Amino acid sequence: MIYDLPTSLVISADEYEIRSDYRAVLDICCALNDPELRENEKPIVALLIFYPSFDDISPENYQEAFQKCLWFIDGGKDRKNKKKGPKLMDWKQDFAYIVGPVNQILGKEIRNLKYMHWWTFMAAYTEIGDCTFSKILSIRMKRSKGMRLDKGEREWYIKNREIVDFQTHYTDEENNVISKWIGSV
């Protein structure tokens, strides 16, 4: 068991400070899903966000530094046997529906705090109960498995489709092509 909230990690016998605030981790999650970034750029951007002294990390230790970053994001759990399931949430799109329940659980407005450790945020997140966000997740899960929605769920989904369905994010290049295509119609 890990009782402390880590604010640094050891990489190849050297200790490095990390940005452990929940906002930094959410920025990393957004970067890892950013269609503007190439796949080989995403880990580097994550490392730049996560380690304030990234320039001090030797390039041969980038892989270990990235694995430690993912370990931290996963709350100190190993990813080795983690199965990848269907996408059910998007931190950027869903944040507005996550922050309210997290505020309620913690009894404070977290956006006003100068600092909140990611693991504290995640502990509150895992306690989210019946709320709009849980409805969104439930409908996404059922739809991903091809399950039928009951009448109430169908009605709620139809009224709230724009917050349940994942938004499509295009690169600037794709947006230019779409604009040219629409303009030629």
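1. At what angle do α4 and helix α5 pack, and how far apart are their axes? In this predicted model, α4 and helix α5 (residues 118–125) pack at an angle of about 85°, and their axes lie 9 Å apart. Since angles of 65 to 115 degrees count as roughly perpendicular, α4 and α5 are therefore roughly perpendicular to each other.

2. The side of this contact that belongs to α4 is made by Trp-91, Phe-95, Ile-98, Val-102, Ile-105 and Leu-106, while α5 brings Trp-118, Phe-121, Met-122, Ala-124 and Tyr-125. By class, the residues of the contact of α4 with α5 divide into eleven nonpolar, no polar and no charged.

3. Helix α4 (residues 91–106) also packs with helix α1 (residues 22–32), here at an angle of about 145° and with the axes 10 Å apart. From α1 the contact takes in Tyr-22, Leu-26, Cys-29 and Cys-30, and from α4 it takes in Trp-91, Lys-92 and Phe-95. The residues of the contact of α1 with α4 comprise six nonpolar, no polar and one charged.

4. Turning to charged pairs, the structure holds nine salt bridges, and three of them deserve a comment here. Glu-153 forms one with Lys-142, in which the closest N and O atoms are 2.7 Å apart. This pair links distant parts of the chain, with Glu-153 in helix α7 (residues 151–159) and Lys-142 in helix α6 (residues 132–144), eleven residues apart. Glu-153 is buried, at a relative accessible area of 16%, and Lys-142 is buried as well, at 17%.

5. Lys-42 and Glu-39 form a salt bridge whose closest N and O atoms are 3.0 Å apart.

6. Asp-90 is buried, with a relative accessible area of 10%, but Lys-87 counts as partly exposed at 44% relative accessibility.

Notes. Residues numbered from 1 in each chain as written. Predicted model: local features only at pLDDT ≥ 70, side-chain atom pairs only at ≥ 80, totals over all residues. Heavy atoms only, no water. Salt bridge = Lys/Arg side-chain N within 4 Å of Asp/Glu carboxyl O. Buried < 20%, exposed > 50% of the residue type's maximum accessible area, 1.4 Å probe, protein only. Helix = DSSP H or I, 4+ residues; strand = E, 2+ residues; numbered from the N terminus. Axes fitted to C-alpha atoms, helices over the stretch in contact; angles between N-to-C directions. Contact = heavy atoms within 4.5 Å. Nonpolar A, V, L, I, M, F, W, Y, C, P; charged D, E, K, R; others polar. Parallel < 35°, antiparallel > 145°, perpendicular 65-115°, else oblique.
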